[in-house]
Amino acid sequence: MKLFSTKELYMEACHKSKDLHIIKDDELVRLQAHLRRMYVEIEKVCDRHGLKMMLAFGSVLGAVRHQGFIPWDDDIDLFMPRADYDRLINLYSDELPSEYKIFAPNSKNGPIYRFAKVVDTSTRLLFSSNDDGSEKNGIFVDIFPLENAPQGLPKIKWQQFKACFLMYVATSVSDYENDSKDKKKLMCSSPVGMFNYYFRYGLGFLFSWRDSTFWYDVFDRAVSRYPESCGYDVPSNGPSNHNYRPLAQDLFLPVKRVKFDDIEAYIPNKAEEYLTYEFGDWHRVPPENERWMHFISKVRYNVR
């Protein structure tokens, strides 16, 4: 429902903002180059320890359709099977360059969100005018764990219900804690956005007897409980039914290696089949008015 879809409402509000802008071509070229360097460093650690990783979502689409980034894309998403994801976060994160930190649920640095983010703390990628001083607001690579999907429709529906409830609570508590004036101004620029903002703020207040870190940790444990699997799902990607349908493991593994701009990168084993599932007619390049664009305040490098 649009009333409860903060992401969609927030992006609509960004179009009206005078403080944010769609990332410019020169900013995008430099940002994409920086993200490729981050990918290479993450890959080195994974290869050293035999951890399986691959591009995910739009990053796979870019690799297959454009042999690199989607031209207007400004982030990199990765998949890792849960066991390898946990090993990277808890055992090998210190092998990344010193300016890189992994923020994830149930990890030493704690979470920023419900999945892992590898953040270059020497940079800033700001989506509002505040929080310039926080190292958590650096340029980032998102890592989504591929979870063992439960077997049987009742278990799948129960997994979806508890995951959606916990992620909604966690993000609402986070919004309540941060209480961003910029976000409030954007969200309250429409009646539907205002309802969404105050509903989530109220829910965040009700559950703020524990902080958002606690709720992200609970979410993470709740979706990673199934040792046996009929396939993979990705509950951390959001509440859509799409993320709770078990997908065959051979869709993802073994990974393949392809050209990605001026480097090579890992992609799922059956990448084209995965893209059809994820995007439908992925060969079609959408017109400008249908493209998902990110709005930013500014990008800064070498802030240390």
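Author: A residue is called buried when its relative accessible area is under 20%, exposed when over 50%, and partly exposed in between (1.4 Å probe, protein chains only). Phenylalanine 69, at 5% relative accessibility, therefore counts as buried. The structure is a predicted model, in which local features need pLDDT of at least 70 and side-chain atom pairs count only at pLDDT 80 or more, while totals for chains, interfaces and linings use all residues. Residues are numbered from 1 along each chain as its sequence is written, and side-chain values use heavy atoms, with hydrogens and water left out.

Reader: How many helices and strands does the protein have?

Author: Helices (H or I, at least four residues) and strands (E, at least two) are DSSP runs, numbered from the N terminus. The protein has nine helices and twelve strands. Of its 304 residues, 52% are buried.

Reader: Where does phenylalanine 69 lie, and which residues does phenylalanine 69 touch?

Author: Contact means heavy atoms within 4.5 Å. Phenylalanine 69 lies in the loop between helix 3 (57-66) and strand 3 (77-81). Not counting residues up to four places away in sequence, its contacts are Gln32, Leu35, Arg36, Gly62, Asp75, Ile76, Phe260 and Asp261. Alanine 33 is 36 residues from phenylalanine 69 in sequence, and their C-alpha atoms are 9.9 Å apart.

Reader: Is leucine 35 buried or exposed?

Author: Leucine 35, which is found in helix 2, is buried, because its relative accessible area is 0%. Beyond four places in sequence, leucine 35 touches residues including Phe69, Ile76 and Val141. The C-alpha atoms of leucine 35 and isoleucine 76 are separated by 6.9 Å, although the two are 41 residues apart along the chain.

Reader: What is a nonpolar core, and which residues touch the most other members of the largest one?

Author: In soluble globular proteins, nonpolar side chains tend to be buried together. A nonpolar core is a set of buried Ala, Val, Leu, Ile, Met, Phe, Trp, Tyr and Cys residues joined through side-chain atoms within 4.5 Å. The largest here has 63 residues, and Tyr39, Leu55, Ile76, Leu78, Phe79, Val118 and Phe252 touch the most other members. Helix 2 (residues 25-48) gives the most to this core, with eight residues. A second, separate core of 17 residues includes Leu166, Ala170, Phe207 and Val223.

Reader: What polar atom lies 3.1 Å from the backbone nitrogen of lysine 52?

Author: A polar contact is a pair of N or O atoms within 3.5 Å; within protein, one must be able to donate a hydrogen and the other to accept it, and residues adjacent in sequence count only if both atoms are side-chain atoms. The atom belongs to the side chain of aspartate 84. Aspartate 84 has its place in helix 4 (residues 82-92) and is buried, with a relative accessible area of 5%. Leaving aside neighbours within four places in sequence, aspartate 84 is in contact with Leu51 and Lys52. The buried residues of helix 4 include Arg82, Asp84 and Tyr85; among the elements they pack against are helix 2, strand 3 and helix 8 (212-223).

Reader: Is phenylalanine 165 buried or partly exposed?

Author: Phenylalanine 165 is found in helix 5 (residues 153-178), and it counts as partly exposed because its relative accessibility is 41%.
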